[in-house]
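Please read this briefing beside the sequence and the model. It goes through confidence, overall make-up and a few local sites.

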Amino acid sequence: MENIQKALEKARARRESGAPASSAPVGGAASPSGGYTRTRVIRPDPAALKEHRIIVAENGHRLTDTFRILRTQVMQEMTAGRHRTLAVTGPNPNEGKTFIAVNLAVSLAMLTESTVLLVDLDLRRPAVHKCFGLKPDVGLGEYLLHSVPLADCLINPGIDRLVVLPGGAPLRTSSELLSSPKMLSLARELKERYPDRVIVYDLPPLLVTDDALVFLSHAECCLLVASEGKTQVSDIQRSLELLQSTKLLGTVLNKSKCRVRGLNY
Amino acid sequence: MAYDGVNAGEGGLSAVASKSIGDYLAVVWSRRTLVLVPAILLMILSFLVAFLLPPVYRSQATILIEEPDVPPELVLSTITGFADERIQAITQRVNSTQNLSAIIERYNLYPKSRAKLPLTEVVDKMRDDIKSDLISADVKDPRSGRAAQATIAFTVSFDYRDPATAQRVANEIVNLYLSENLRERQSKANETTNFLSGETARLQKLINDLEKRISDLKQTSAGSLPEQMDYNLQRISRAETELRDLDRRVDGLEQQRIYLEAELLKMSPFGSYVVDGQRVMSPGDQLKALKTQLITLSGQYGANHPDVVKLRRQVTALEGETGGSDDAQTLRREQERLSAELAQAKERYSESHPDVIKLQRNLDAVQASLKQSRGKPQAVPTAAQPDNPAYIQLQAQLQVAKSDLKAIAEQRIAIKKQIAEVDKLVAATPLVEREYGQLMRDYESAQREFETIRQKQMMAQLGETLEAERKGERFLLIEPPSQPTKPIKPKRLAILAIGFVLSIGAGIGTALLVDGLDKSIGSAKQLALMTGAAPLVVVPYIRTAMDVMREWIARLGVTAAVLATVVALLMVVDEFIMPLDVLYSILERQVEATFIRLGE
C-alpha cells in the first residue's frame, strides 16, 4: 500500500503543479500524441476493494502468490506468441470473471516491464469500476454512443502502470455497439498505440449474450473462468466449442473448496 | 498449451476415469453435512427402535421320542412314517383354530389385537408364535448299516411378552401334543384292524359266492363236466362197439331171413302125401280149388246153371267137413284180381263186351260173398293152415329171425339215441370246462387272498393291543417348559449395531448420490480432463464479511427449522403415541437393562 500511497501523492502533486503527466511510473497511458495526455487518478476505496475481493492490492494476502502464478503463466504465453490482448470470460454470470480480470490486471501492473489497460466490455452490467469503488460518469458506452473523448473515460485507480476504461452506464444494445466500426477501430488503436502495453478485456458471460462472441475475434488470446460447484460441465463444453477459433491460454478454476497449498509460505 | 476436444464427463466423481478411494473420500468430505445429517437421524431412530421395542419371552419344552418297549421284530407297529412327518402332522392338529382359540380365551392372550382384529387373524398370529424344532442324532440305519440322521426328540416353544403366561401356554401346548399323539396312534391302529376285518368279510362272501356258483354249474352241466369227459367217451366207444356188434348180427339175421323166405317160397305149405301114386290134395286145398271153380262157373254160366248149383252143393258139403268157411282173405284177393282184370277189360273193350260182363258178374258175386262172410263168425282159418312140418319149421325159424331183427332194430335205435345223447354231453363239455375252470381259479385265488388277509388282520390286532397298552413308540416330556427370565427378542445391541452401520451407509450413500447427480465442475482434475490441460490456477473461495454473515444467517435458519420439526414431532408423539415421560422412563429402563446384561 505504501508504494501506491507514494505514487498517489506524487501524481497529485504533479497534477496540481500542472505538469504534463509523464509516462510510465505514475499510472498509465499518457502519450504525447493521440489525445491521452493525462489520465485521472482516483484512489480506490479499500472497503470496495475488500468487498470485491481485489486481494492483490493488499500486500501479503495469502492468495497474492496464486495470482502471481497466473500472471507469470499468462505473460509467458503472451510473450512467446507476441500477443498483447487478453480476453477474460466465462460461461455464466457471477463466476468471478471480473474478479479474475481485475486481480490479474493489477498483478500484471506490478510487473515493471509493462503497462496494463483494463477494459470493461460488459456494457450491460459493468462491474470493473465497482471493484475499485469508482463512480465514473463516462465510460466506454458513452465513448461509443456519444463520442465522448476517450481520455475523459480513462481512469488510473491509484495503482502504478494500470489504467482502467470502465463500461459506463449500463446499456442494452451492447452487442450492436461492440460490433460497431467505432469499437473495432478503438480496439485496433488501443492495441497499436503502445507496443508494450497489455490490454485485458473483461468480457460478459459467453453463454448469456453474444457480446463476448462478437468481440473475441479482436482479442488475441482468452482465459476461461469456471467456478467449482457452480459451472455445469455442459456449459464448459459449450464454451470450449465457442472458443475454438480463439487461442485459449487456459482455464481458471474459481471458488474452489480445495486446500490451496503453501498459503503461508 | 494445447487443449484437446471436449471430453465429456458428468459431474464430480464420474468424470474421473479411475476412481480411487481417495476420490470417494474427497467427495464424502466435501459433502460432510450431507453425510452427517441422515446418519445422525438414522442413529437416533435405531436407538429408539432398539430400546422401545417390547421384549418377547420364550418358554420351551423338550419332548423325547421313546423307543417301543416291545421290539418291532415281535410286533410290528401299524404306525409307519418317519417321526418328523408325524410330528408335523401332530403340529398341524395341535395348531387347529379350535385348540388355539380355546387357549386364547382361557389365558386372555393378545388383548389389544383381539379388540381390533377378527379371531382367526389373532389365531394366525398365535401360530407364528408357536415353534417346533426337531433334534436329530447320527444313527446307524439297521438295514443298510450306513450312517443316517434320525429324529430323536423335538422342542416346542411359545413366545409371548409376559414370561409367566408364556410358560402356562407352553404347558398347554405340550399337553396337547402328548394327548394328540396318543389319540392318533390308537385310532390309526384301530382303523387298520377295522379295515382288515372288512376285507376278510368281503373275501369270505366272495368265496361263498364262488362255491355256490361252482355247485350250480355242476348241477346244470352234470354229465358235461370235464372230469366226466373220459367216462363219456368210454361210454360212446362202448356203445359204438355194441352197435357194430348188432349190425353184424343184423347182417347175419337178414341173410338168414332171405334164405328162409326163399326156401318157404320153394316149399308147399301143405304136406303132400301120395295115394296110389297120385298126389292127393288136402281137403282144404280141394275146397279152395272148388270154390275158385265155382266162382269161375258162376261167372261164366250164371248162378242158376245146373253145373253151378251142383258145384255149390259140393262146396257146402266140403265146407261142412273141413269146417272151413269162406276165406275172407281169398275172397278179397279174388276181389282184387277181378277188379284189376275188370279195369283192364274196360279199357280194352266197351261196357257191353261179354268179357266185361262176365268179370262184372264174378266181381259182384265175390263182393256178395264177402258181405256174407262178414256177418259170419270168423271160422278157424284152417284153409291157410300149412301142415308141412318142414314148412312149419322154416316158418317158425323165419318168425324167430324176424322177431330177432325187430328186437335188434329196436336196440339199435336205443343205442343210437344213447350215443347221440352222450355226444351232446361231450360237445357241451368244452364250454363247461371253460366256465368251470374260471370259477375254480377264482375260487383258489380268493382262498389264497383270504389267507393272507387273515394273517395281516391278526398282526394288526396285535398292533392295536400294543398301542392300547402304550407299549409302542411314545412321546416323553423330558424338559417341561420353564418360566423364561430373559427375553429372546429384540436383540437390542444387534439392532444398534445394524443401525449404526446403516446410518453411516445411508449418509455416505446420500452424499454419493447427490454428488453423482451433481453435474457441475467438482475439481481441477475434472476441468483438466475436459480441457486437456490443468487450469492455470485454482483460486479458492474468498469469504468476505458478507459471506460470513450470510452463512451465519443460514445456519441459524436451519437450526431453527430443525428445532421446530423436533418439537413438533415430540408433540405428536406425546399426543398420539405415548406420553413423553413414560417414553423416557421406558427408554431409561431398557438402556439400563441392556448395559447390565452387557456387563454380565
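What follows is a short briefing on a predicted model, grouped by topic.

Local features are given only at pLDDT of at least 70 and side-chain atom pairs only at pLDDT 80 or more, while totals for chains, interfaces and linings use all residues; side-chain values use heavy atoms, with hydrogens and water left out. Residues are numbered from 1 along each chain as its sequence is written, and chains are lettered from A in the order in which they are written. The model scores ipTM 0.76 and pTM 0.50.

**Confidence**

- The predictor's confidence in each residue is its pLDDT, on a scale from 0 to 100.
- Chain A has an average pLDDT of 80, and 85% of its residues score at least 70.
- Among the elements of chain A, the lowest mean pLDDT, 70, belongs to helix α1 (residues 2-17), and the highest, 91, to strand β2 (residues 85-89).
- Residues 18-37 of chain A have pLDDT below 50, and this stretch has 45 contacts in the model beyond near neighbours in sequence.
- For chain B the mean pLDDT is 80, with 85% of residues at 70 or more.
- Where pLDDT is low, the predicted coordinates should not be read in detail.

**Make-up of chain A**

- Chain A contains eleven helices and eight strands; these are DSSP runs numbered from the N terminus, with helices (H or I) of at least four residues and strands (E) of at least two.
- Of the 265 residues in chain A, 57% are buried; buried means under 20% relative accessible area, exposed over 50% and partly exposed in between, with a 1.4 Å probe and protein chains only.
- Among contacts in chain A with a separation of 6 or more, 79% are between residues 24 or more positions apart; a contact means heavy atoms within 4.5 Å.

**Site around A:N254**

- A:N254 belongs to strand β8 (residues 247-256) of chain A and counts as buried because its relative accessible area is 3%.
- Its side chain reaches the backbone oxygen of A:E95 at 2.9 Å.
- Beyond four places in sequence, the contacts of A:N254 include A:E95, A:F99 and A:V225 in chain A, and B:V539 and B:P540 in chain B.

**Helix crossing in chain B**

- Helix α1 (residues 21-30) and helix α14 (residues 492-517) of chain B have axes that come within 9 Å and cross at roughly 95 degrees.
- B:Y24, B:V27 and B:V28 of α1(B) meet B:I508, B:A511, B:L512 and B:D515 of α14(B).

**Buried residues in chain B**

- B:L196 lies in helix α7 (residues 163-220) of chain B and is buried, at a relative accessible area of 8%.
- The C-alpha atoms of B:L196 and B:Q461 are separated by 9.4 Å, although these residues are 265 residues apart along the chain.
- Beyond four places in sequence, B:L196 is in contact with B:I453, B:K456, B:Q457 and B:A460.
- B:N95 sits in the loop between α3 (83-94) and α4 (97-107) of chain B and is buried, with 9% relative accessibility.
- Contacts of B:N95 beyond four places in sequence are with B:L100, B:R127 and B:I130.

Technical notes
A polar contact is a pair of N or O atoms within 3.5 Å; within protein, one must be able to donate a hydrogen and the other to accept it, and residues adjacent in sequence count only if both atoms are side-chain atoms. Axes are lines fitted to C-alpha atoms, for helices over the stretch in contact, and angles run from 0 to 180 degrees between N-to-C directions.
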